[in-house]
Amino acid sequence: MTALQMSLTDKSLDKLPMATEGQYVVRDTELKGFLVVVGKRRKTFTVKGEGWQNGKRKNVYAAIGVVGDLTARDARLKAKEALTRIAKGLPAIEPAEVEAPIEPTVEAQPAEAGVTLWEAWERYLEAHLVRKRRSARTIASYADHVERIFKAWRDRPLKELGEDPALVTARHDEITRENGPFIANGAMRTLRAIYNHARKSHRYLPADNPVEAVDWNEESRRDTGMGLKALPAWFDELILLENPIRREFHLFTLLSGCRPGALKVAETPHLSFARRMLHIPAPKGGSKKAFDIPLSRPMIRCLIRAIRLSRMMFPEAGERWIFGAGGVDGHLAEQREDREQTLSKYGNDLRQTFRTIGQAAEVPDLDIHILMNHALQGVNA
């Protein structure tokens, strides 16, 4: 399981809910190896360090105090001391006092075996995905590949894969049969990225990425957009949706051509009626891809209705989120509808419809790409 990440402070820790079953982990964004294990009855400050014992590399967990008995500031100081001791091969301040394993612990590997897939993934997650502020959806996709698709390989040294690419090609064939061609290709892209990243600091890994031996499955973009003639029937379906906030969400997706994942977390502070802009601070690609959606009058009316409905139906969440909901996050979390019974087109179908109708209206391709926040090709663009 990929742990949550946040700055561990007394205030943030107080807001963490107790686990309903089992435990979950929250890592500190400031100090690597400092985390909190949240159980049913308590929250425990814990450190995870890497040390050498008898020529073998081991992950060591140690509890350093209980939230409430120890402040976050004092716990961070103790964590630094404990991590230093662990790195030197010394016992930590005190043995781990968790109710169950915090997370699957990587088995000790002989020094010559080298970095494992799981160790390389943890490094890639923290140093590349989190540090570069990749979106939560992107991180979840990578994590799913490593933790589900490559679960049996988590303790396998990358060196073995690099020296025997046939293992990778055989696994790609298996995933294709079991999960489909798109997931198989996506999982291999994840493995390729992790291997390339690991080789920067582990030069003993073979230079040729084993994923390059894969015979990629053919992929073709599915065009599920609507033309002008199909829109009236779609509007008839839309108006019958029971949830009015979801109605406005689907309508705004069509009017803006924006990715649904970015709209679901749209916040009222990022909306400026004076500038007629909705700012999207962290779209696909992270904060460096932030952009503004220019608002037409129908789009403004749609957002006003959504905000009013959110504040009526979910008063607390509606103060922050444009498309409020009753879940833990406070905002709309799922845009799927029943295609057969409720709404035939939603999500990326509407994004493709935006592009299709834009082309029919003779909007320049460059303008369409900019409005949809596509990556532009070449310096001239």
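Predicted model: local features only at pLDDT ≥ 70, side-chain atom pairs only at ≥ 80, totals over all residues.

How many of the residues of strand E2 (residues 24–28) are buried? Residues are numbered from 1 along each chain as its sequence is written, and side-chain values use heavy atoms, with hydrogens and water left out.

Strand E2 is mostly covered, since 5 of its 5 residues are buried, where buried means under 20% relative accessible area, exposed over 50%, and partly exposed in between, with a 1.4 Å probe and protein chains only. Tyr24, Val26 and Asp28 point one way from E2, Val25 and Arg27 point the other way, and all are buried. Strand E1 (residues 4–6) runs parallel to E2 and is joined to it by 3 bridges, with leucine 4 standing opposite valine 26. Strand E3 (residues 34–38) is joined to E2 by 4 bridges and runs antiparallel to it, and the bridge partner of tyrosine 24 in E3 is valine 38. The hairpin of E2 and E3 has 5 residues between the strands, and in it glycine 33 takes a positive phi near 95°. Two strands are taken to pair if DSSP finds at least two bridges between them.

Over the whole protein there are 14 helices and 9 strands, defined as DSSP runs numbered from the N terminus, with helices (H or I) of at least four residues and strands (E) of at least two. Buried residues make up 44% of the 381 residues.

Strand E8 (residues 277–280) pairs with E9 over 4 bridges in the antiparallel sense, and methionine 277 stands opposite proline 294 in E9.

Among the helices, H6 (residues 165–179) and H7 (residues 181–199) pack at an angle of about 145° with their axes 7 Å apart, the axes being lines fitted to C-alpha atoms over the stretch in contact, and the angles running from 0 to 180 degrees between N-to-C directions. The residues of H6 that meet H7 include Val168, Ile175 and Asn179, and those of H7 include Pro181, Met188 and Leu191, where contact means heavy atoms within 4.5 Å.

The interior can be read through its nonpolar cores, each a set of buried Ala, Val, Leu, Ile, Met, Phe, Trp, Tyr and Cys residues joined through side-chain atoms within 4.5 Å. Of the 33 residues in the largest nonpolar core, Phe252, Leu278, Ile293, Leu295, Ile322 and Phe323 touch the most other members. Helix H8 (231–238), helix H9 (244–256), helix H10 (260–264), E8, E9 and helix H11 (297–313) each supply at least two residues of this core, and H11 gives the most, with 7 residues. Apart from this core lies another, of 29 residues, among them Val115, Leu117, Ala120 and Ile149.

Lysine 151, finally, is found in the loop between helix H4 (136–149) and helix H5 (158–163), and is exposed, with a relative accessible area of 58%.
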